[in-house]
Amino acid sequence: MALLLFFITLLQFSSISNQQQLPLLSSLERETVFSVLAAVNSVIPWRTLFPDDDLCSAPPHGVVCDYFYESLNSTEPDSVHITEMSFGFISDYSANPPCSLNSTIDPVLFSAFRYLRKLFFYKCFTGDVAVSFSGGVLPASLEELVLVDNTALVVSLESLFGNFTNIRRAIVTGNGVYGQIPEWISDSGELEEITFSRNRLNGQIPASLSKLKKLKILDLSGNFLDGFAPESLGNLTELLKLDLSFNKISGRIPESYRNLQTLEFLDLSFNRFGNFGIPKFVTEIPRLKEVYLSGNLLGGEIPERWEKVEGLSAIGFSDMGLTGKIPPSMAVLLRNLSYLRLDGNNLEGTLPPEFGFLKKLNEINLENNNLSGRVPFSSNFSAKIGKKLRLRGNSDLCVDEELKNVKNGSILGKMKLCYQSNITDDQIFLSGFSSSSSSSSSLMFDFQNLLLIGVLWIFLVKF
């Protein structure tokens, strides 16, 4: 027993000895971490909860330390540094330190973290005091910068991206970031994601973004960008997502985007693209799953050929000035379609019944067109979609009694019944008989007249 206790004690001592051999965080980084924590949330007693001398042994959630080795042959780490800092409550499953309502920060503090790879702030700066980050003080070592819904963060994009050379993910969305997208941002050749949505950016999209050959996500939605969409973006052959929606971009949608053969998500909706029709490439990108062009008066008709985009699950073609009929080929070929919006156009003709056989379809909006005829969907299909079957504004559409009685809160119960004839089969038979008799009498009368004329002619010839 005594021997067992000895070994336990020896192991504990060895563990403590090994922990003591690990390098400690420098006093500059340690003090700066506590300053950042206090600025983000001054209510929490950070120094009481976490060890002051050896912060990296048990750091706060959201603060990550990494140990560094001077050479590949080193068996013991030579230094330790802060490499990640994440703040802001996201959900119960996220343990990031929460930010207080009066959070503010001096960005100069971050200059102490020369090894910082990730900086994340979610809804931290939302008060009346403006916070301005500058690329001159944020460390050049950053690989991920994530700033989401910090409405008091007011800084030009050019200042924010001052000296990043290793940046891979730049997610700056829902902030007060303003100004133009600088041309030299394309010098960050490691960039894989640019998300600058819901800010106050203006000017044109730089054509130089095409240099970012590793780029997989480009999201510039919800800004004030204008000019033409660059043709050169078609060279981003690794792109998975392209979102330029809710801007002021005009001209023609470049056909060069057909080269984006890995694209899965395309949203160009609510811009000012001109009346050049739906670009053909949207039916030729094989991996495309979602396409949204709504709010651009492109005009023209819906394409007939969809066989190359069988994986398409969502189409948004609202308010585009489309004419012609809805092609049944959409329903025949797009078996994965779950979302379809064609409302606010000038479409005519009948509804293709093929849509009623799409098992994954759960929303279809055809409101405010010129569609006519009978709604061809089954009661089971209509009950499944419910209120998401939207047909208002098509005065010539009608439903059968079966659909009118579907109890799912949809528009079907308020639509007019299709006209049904009350003429019986007996009436049809009698009408046909009467018509036949009348026709026979007429023929008999004509024959008698011809016979009389013939007799008169013979009489005149002889006499």
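Cys56 is buried, and Cys65 is buried as well. In this predicted model, the two residues are joined to each other by a disulfide with an S to S distance of 2.1 Å. The torsion about their S-S bond is about -75°, so this disulfide is left-handed.

**The disulfides**

The model holds 3 disulfides, and when the bonded cysteines of the protein are numbered in sequence order, the pairing reads 1-2, 3-4, 5-6. Cys99 is bonded to Cys124, with an S to S distance of 1.9 Å. This pair links distant parts of the chain, since Cys99 sits in the loop between β2 (79–87) and β3 (118–122), while Cys124 sits in the loop between β3 and β4 (144–148), 25 residues apart. Both cysteines, Cys99 and Cys124, are buried, and because the torsion about their S-S bond is about 45°, the disulfide is right-handed.

The sulfur atoms of Cys398 and Cys418 are 2.1 Å apart in another disulfide. Cys398 belongs to strand β23 (residues 396–398), whereas Cys418 is in the loop between α7 (401–404) and α8 (425–462), so the bond ties together parts that are 20 residues apart in sequence. With a torsion of about 95° about the S-S bond, the disulfide of Cys398 and Cys418 is right-handed. Buried means under 20% relative accessible area; Cys398, at 11%, is therefore buried, and Cys418, at 13%, counts as buried too.

**The fold as a whole**

The secondary structure of the protein comes to 8 helices and 23 strands. Of its 463 residues, 45% count as buried, and the protein exposes about 24,300 Å², of which carbon and sulfur atoms supply 56%. Among contacts with a separation of 6 or more, 55% are accounted for by residues 24 or more positions apart.

Strand β9 takes part in parallel pairings with β7 and with β11. Strand β7 (residues 176–179) runs parallel to β9 (residues 200–204), and 2 bridges join them; here Tyr178 stands opposite Arg200 in β9. Between β9 and strand β11 (residues 224–226), which also run parallel, there are 3 bridges, and Gly203 stands opposite Leu225 in β11.

**Salt bridges**

A search of the whole structure finds 15 salt bridges. The table gives examples, with the distance between the nitrogen and oxygen atoms of each pair.

| Arg198 | Asp149 | 3.0 Å |

The salt bridge between Arg198 and Asp149 links distant parts of the chain, for Arg198 lies in the loop between β8 (193–195) and β9 and Asp149 in the loop between β4 and β5 (154–156), 49 residues apart. Arg198 is partly exposed at 46% relative accessibility, whereas Asp149, with a relative accessible area of 17%, is buried.

Glu284 counts as partly exposed at 25% relative accessibility, and Arg258 is partly exposed with a relative accessible area of 29%.

Beyond these pairs, a network of salt bridges links Glu143, Glu144, Arg168, Arg169 and Glu193.

**A nonpolar patch**

On the surface, Leu22, Tyr67 and Tyr69 form a nonpolar patch, and together they have about 260 Å² of accessible area. Tyr69 is found in the loop between β1 (63–68) and β2, and its relative accessible area of 45% places Tyr69 among the partly exposed residues.

Terms used. Residues numbered from 1 in each chain as written. Predicted model: local features only at pLDDT ≥ 70, side-chain atom pairs only at ≥ 80, totals over all residues. Heavy atoms only, no water. Helix = DSSP H or I, 4+ residues; strand = E, 2+ residues; numbered from the N terminus. Buried < 20%, exposed > 50% of the residue type's maximum accessible area, 1.4 Å probe, protein only. Contact = heavy atoms within 4.5 Å. Areas by Shrake-Rupley, 256 points an atom, 1.4 Å probe, with all protein chains shown as cover. Disulfide = S-S within 2.5 Å. Pairing = 2+ DSSP bridges. Patch = residues over 30% accessible without salt bridge, like charges linked within 9 Å, V, L, I, M, F, W, Y side chains within 5 Å. Salt bridge = Lys/Arg side-chain N within 4 Å of Asp/Glu carboxyl O.
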